[in-house]
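Please look over the following structure with its ligand site, its strand pairing and a few individual residues in mind. The report below takes these topics one by one.

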Amino acid sequence: MTRRLLTVLSLCGAIALPGSAGWQSAGNVLDHRTEHSGDLRIEAENLTLTISVLAEDLVRMRYVPHGRSGTDSSWAVLTQQWAPVRTRVIDSAGVLFLTTNQMTLAVHRNPLRLVFLDPAGTIINADDRAKGMSWADGETRLWKEMPEEEYYYGFGEQAGRFERKRTHMTMWNSDIPAYGPDTNPLYKSIPFFYGIAKGRAYGIFLDSPHWSSFDMGKEARDQYSFGTQDSVLTYYFFYGPEPCKILERFTQLVGRMPLPPRWSLGYQQCRWSYASEKRVREIADGFRKRTIPCDVIYLDIDYMDGYRIFTWDTEDFPDPMKLVKDLADDGFRTAVIVDPGIKVDSSYHAYVSGMDRDVYVKEPDGSLFVGEVWPGRCAFPDFTDPSARLWWGEQFADLVSVGIRGWWNDMNEPSVFNVPSKTIDLNAMHHGHGVSSSHAANHNIYGMQMTRATYDGTLRHRPDERPFVLTRATYAGGQRFSAVWTGDNVSSWEHLSLGLSMCLNLSISGFTFVGTDIGGFIGYPSGELFARWLQLGVFTPLMRAHSVINEPNKEPWEFGEAFTDINRKTIELRYRLLPYLYNAMRVSSTTGLPAMRPMVFAYPEDPRFTLESRQFMFGDGLLVAPILSPGTRERIVELPAGLWYDFWTAELHEGGSTITVSAPLDRIPLLARAGATVPTQQPVQYSDESPIDPLSVHIFLKPSGADSTEYYEDDGISFQYREGGYFKRTITHLQLSDEIRIQLGRAEGTFIPPERRLVLRIAGAGFTPARVTSGGKSIPRAPHDSSDLADSTWNLDAESGVIVVMTHDSSSYLEVSLKR
Ligand code: MIG
């Protein structure tokens, strides 16, 4: 079935591609001028190119072939106003140089070709000499030189290899269940990538919601190209050289993930379907009676009346309000699936009100576009239209008042069952941006606009709470509205690896809140596979297990008692790490940097990481090395330069090396960078069961010098943090010759956590302190074998050498000192 779908898809690509005969090229530059806006306008023989310098490291190019036009608007770009940039234009024989402090763009005149250079004059990226930017009927394309030493990353959701050189990728949001490593396209289109050569990176964003494609040296050895079935071509060029700098800039351009509600970072349980109130209650009890933590339970399509969105199956769910309230009392949030397809049924309120408000996608003659999905014949809201989005948002009133708090957007590629194209008629019409345009021109942003309508709409119903939306389809910048999962994967070891590299590429494409269907959607995992998948899930911001219908139960306790214990311990680890994860998410909401960071992204200069996708950084302090194959009880880890600690044993390793770490079935290999600070908490049954107490801060000392981290906390749910309602302090540790000092800066912000204990777990001191002080007062060493430390005492863990100090947390400055 997968294969058939694929054939259909490539066929539809071929039909939509109106013959690649008759490519035209830019020709020579005739003239240029600097416009009032500061843009540089280049007139070539056959096209106009507008170059806008948005920042010293960011330039936008817009190519409009003569005789063509297109509205200059974007669904992705958020920041329109950029601070003025000082640029210089130097006109020299045959070349026009446009220079900022961070890069130079050389516009070659005969013919028009662009070359990007760093301040030292080294070429970062160059148009292919023969083709450059060219176009044919209904398609525009840009060819670039491809240096041998350059490698490619990002491109959003890509199965198969993590590094993307020598692949051809299409961007066309597609519903492909049980996809494989060669399946492309998939559900999401994020036409953004990095080129990294010898540690130096640039980024390119092709901003087009049309069918588009990237050929990274598959067609030609020394060229790559990207193009779109739009009549014009707009792309952005970012210069690093650090990849993280590019991502910060890219997410400044297209927006960042808002800080999610803290509960959405708890463990989430899903299945197609928990199809009755009785079964949902059993699942909830299943977690609580086994003391396996869980925050969210999902209702898949069977909660509805005949798959009519915004309705309930009143037989199986006679009293949703009571169910959801009982679940809430037990610490669960309930999430429901909502698909875009609205059943054509004149007795169905959503359909009727949508008709009244004229919200649906239409055929060119103005009649309703109808396509078949789960409910049968359906109309599709035109999410590009602001009034349709408003209408969509209003439909959530009842679900919100029932108490639903999570919004799972599925089938929004959009997927349509009964037509060969598997989606909305490409000629059907949308009406966003005040103009009418075909589905072909809006396909790849349909899902993103659905999440936008869902986010904004549910927010309007509860303006004081952060919405949680999860989607399958989206477009660049969609992280502003929703978390994502990687669709219908398979219960196999291969898919465990695949999911990891998909999450890594999504993460560096702007999508921080990512995860896979833990355990695999289609098929049935062994206990071992499920356990290993769950362990990796601790380190994916979205930690959600899911299963297709008609497979035996896959909840974490379904694999025998030994695995139940292992899985409990794994989920407890997630809850212990919540403060660290929440901090990573907060960093991402302000910088765009993801929680899951590919090695090459964090350490671009280390050539060992060019192709590495079997280990990754989690935040800036932890290195995760998941077990991805059966029967494996140890694995190799490539350590970046510096010193590294085994998170579990505090064993110290010299970096720049390859080590073997043990990985018993109940433990995922985890390392901490010397200098890292990792805040953790007590395990709880759900994220807000009780306030953090104690806050346990793991400090991994550097052999000398200082390091510091910001610690952030807030109420986890409201928007108060935007008005100062947070608790933020710097935690610094420094090594002096005869002393180790930990300084917790005075907390900023008006959020005050309840009184609580503070435990410092200091690894790497290498001595037994002669004296420990907290806030200037000496504190005693605890009696030898007490594992539970009394207030204001310290102890030394004999095995690991970790020094544990128990003190009190407050908002004031606190200094803890360990004297030799
Ligand atoms: O056509 O709602 O990817 O997670 O369980 C299948 C049923 C529709 C696809 C989603 C999957 C979900 C399923 N959906």
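## Strand β5 and its partners

In this predicted model, strand β5, which spans residues 58-65, is mostly covered, since 7 of its 8 residues are buried. Strand β4 (residues 47-55) pairs with β5 in the antiparallel sense, and the pairing runs over 8 bridges. The two strands, β4 and β5, form a hairpin that leaves 2 residues between them, and within this pairing Thr-48 stands opposite Val-64 of β5.

β5 also pairs with strand β19 (residues 233-239), to which 6 bridges join it in an antiparallel run. In that pairing the bridge partner of Val-59 is Phe-237, a residue of β19. In general, the strands of a sheet pair through backbone hydrogen bonds, and the sense may be parallel or antiparallel.

## An open sheet of six strands

An open sheet is made of 6 strands in the order β1-β11-β12-β18-β17-β14, with antiparallel pairing. Its edge strands are β1 (24-25) and β14 (168-171), each of which pairs on one side only.

Within this order, strand β11 (residues 133-136) and strand β12 (residues 139-145) are paired in the antiparallel sense over 4 bridges. Ala-136 has Glu-139, in β12, as its bridge partner.

## The ligand site

Which residues are the closest to the ligand, among the 13 that surround it? They are Asp-300, Asp-410, Arg-472, Asp-488 and His-546. By residue class, the shell around the ligand divides into 8 nonpolar residues, 1 polar residue and 4 charged residues.

An N or O atom in the side chain of Asp-300 is 2.5 Å from an oxygen atom of the ligand, while an N or O atom in the side chain of Asp-410 is 2.7 Å from a ligand nitrogen atom. For Arg-472, a polar side-chain atom lies 2.8 Å from an oxygen atom of the ligand. On its own the ligand has 350 Å² of accessible area, and the protein covers 95% of that area.

## Asp-410 in its loop

Asp-410 belongs to the loop between β26 (406-409) and β27 (429-430). Is this residue, Asp-410, buried or exposed? Asp-410 has a relative accessible area of 10%, so it counts as buried, the cut-off for that class being under 20%.

The side chain of Asp-410 also makes a polar contact with the side chain of Arg-472, at 3.2 Å. Asp-410 and Arg-472 are both among the residues closest to the ligand.

## Helix α12

Helix α12 (residues 578-591) has 14 residues, which at 1.5 Å a residue should span 20 Å, and the C-alpha atoms at its ends are 20 Å apart, so the two values agree. The expected value rests on 1.5 Å times one less than the number of residues.

This helix, α12, is mostly covered, with 12 of its 14 residues buried. The buried positions of α12 include Leu-578, Tyr-580, Tyr-582, Met-585, Arg-586 and Thr-591. Just after α12, Gly-592 takes a positive phi of about 85 degrees.

## Other buried residues

Glu-739 lies in strand β46 (residues 739-744), and its relative accessible area of 7% is the reason why Glu-739 counts as buried. The side chain of Glu-739 takes part in a polar contact of 2.9 Å with the side chain of Arg-741, and another polar contact, of 3.0 Å, joins the side chains of Glu-739 and Ser-817.

Trp-211 is found in the loop between β16 (200-206) and β17 (212-215), and at 13% relative accessibility Trp-211 counts as buried. The C-alpha atoms of Trp-211 and Asp-230 are separated by 8.0 Å, the two residues being 19 residues apart along the chain. Met-806, placed in strand β51 (residues 803-809), is buried with a relative accessible area of 5%. From C-alpha to C-alpha, Met-806 and Ile-123 are 55 Å apart in space, and they are 683 residues apart in sequence.

Notes. Residues are numbered from 1 along each chain as its sequence is written. This is a predicted model: local features need pLDDT of at least 70, side-chain atom pairs count only at pLDDT 80 or more; totals for chains, interfaces and linings use all residues. Side-chain values use heavy atoms; hydrogens and water are left out. A residue is near a molecule or strand if one of its heavy atoms lies within 4 Å of it. A polar contact is a pair of N or O atoms within 3.5 Å; within protein, one must be able to donate a hydrogen and the other to accept it, and residues adjacent in sequence count only if both atoms are side-chain atoms. Accessible areas come from the Shrake-Rupley method with a 1.4 Å probe; for residues, only the protein chains shown count as cover. Ala, Val, Leu, Ile, Met, Phe, Trp, Tyr, Cys and Pro count as nonpolar, Asp, Glu, Lys and Arg as charged, and the others, Gly among them, as polar. Buried means under 20% relative accessible area, exposed over 50%, partly exposed in between (1.4 Å probe, protein chains only). Two strands pair if DSSP finds at least two bridges between them.
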